[in-house]
Amino acid sequence: MAASPRVLINGGGIGGLALATALARRGHTVEVAEIRAEPSALGVGIIQPSNALHVMRELGVLDRCLAAGFPWEFLTIADPAGNTLARIPQPRMDDVPPSNGIPRPALAAILADAAVAAGARVRYASTVSALEDDGAGVTVTLSDGTTARWDLVVGFDGIGSPLRGHLYGDRYAPAYTGFANWRVTVPRHPGVQGVVMATAGQEAKALLTPITDELMYLGAVFAEAEDFRPDPERAHEELAKRLAVFSGPVAEALAAVTDPAAVVYSRISQVTVDEPWHVGRVVLAGDAAHASTPHLAQGAAMAVEDALVLAESLDTAPSVPAALETWEARRRPRAMWVQAMSHAVLKQEMGAPTTAEEDALLEIGIPGAAHVLAKPY
């Protein structure tokens, strides 16, 4: 478009910082309002599949991500004792690696540095408190009292997005799936050279994911009541009890967990905004619009794809409204496919009944899904 739009991003997580970097590198005036007081990230590690690494290359941070993480090429399926049943090569997009495990705080720091280096302003301890869209622009007041006018406001503010509530009320509150994720960081077992999925039928599944040369994380999903929370004094014991069927590397990982505070417990919820993801000049992206279960390791990948495609759309469309239409037309089918496939895999792994549509998706399988997602976004 003729004039470079001024963009405010509400949320300085992975997607928000990726968008800030992409826009600032293109010469846009861009500011990020982040409610946290400093660059940080909750949780343990994260998997960057090949499509996410492709975006990191486009943002100029691929080498830093690989240096801070643990690149890998094979998914290993193992029995409860850790014996290898299969090694599945992971597809790559273009010439980037197939996958990389990385600590979430390291990725947050890399993206925050990249955004600032590109020229974006990141305003911490701040979030959108009021906005007024008059069609020609959006006047925004932040929680720190500052007011400014923007051509576009982007809500990369997560699954609990306040901006989503502003646009749609309570119509798209997160929906609990009935399952929860347990994760904990432990020393890396030398045999874990990529993700190891140890399975005991539908009784239990455990994932070991390397995130540095020294560290990996242990993850497991179980059906849990919506109001359940692990005992903060015994969370490690509760996790060990759920994974008692395993020996080998999983048992060794559990034995290394002596601090219950190290266990990260999170309910798995979804968000599906069925209406357009933008209202006027305010748009939702990432988990704010289409949060999925983690079973394809694509949540953050979808967010950074959203970010890069939005930046590209603003480059080529004649106006901000046209850019938003173009962006959503590209992103909605892929993001909704990921959400549907991820939920189908969750139900299959946990022995929950599946629909005919989900059965059709499951015929593709996780390896097939990885090949689909290694194609251009």
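Mentor: The largest cavity has a volume of about 60 Å³. This is a predicted model, where local features need pLDDT of at least 70 and side-chain atom pairs count only at pLDDT 80 or more, while totals for chains, interfaces and linings use all residues. Residues are numbered from 1 along each chain as its sequence is written, and side-chain values use heavy atoms, leaving out hydrogens and water.

Trainee: Why is this called a cavity?

Mentor: On a 1 Å grid over the protein atoms alone, a cavity is a set of points where a 1.4 Å probe fits but cannot get out, and lining residues have an atom within 4 Å of a point. The volume is the space filled by probe spheres set on the points, which are joined across faces, edges and corners. The count comes to 3 cavities of 30 Å³ or more.

Trainee: What makes residues of its lining nonpolar, polar or charged?

Mentor: Ala, Val, Leu, Ile, Met, Phe, Trp, Tyr, Cys and Pro count as nonpolar, Asp, Glu, Lys and Arg as charged, and the others, Gly among them, as polar. The lining of the largest cavity includes Ile-14, Gln-48 and Met-56. By class it has 9 nonpolar, 1 polar and no charged residues.

Methods:
On a 1 Å grid over the protein atoms alone, a cavity is a set of points where a 1.4 Å probe fits but cannot get out, and a pocket is an open set with protein on both sides within 12 Å along at least five of seven lines; lining residues have an atom within 4 Å of a point.
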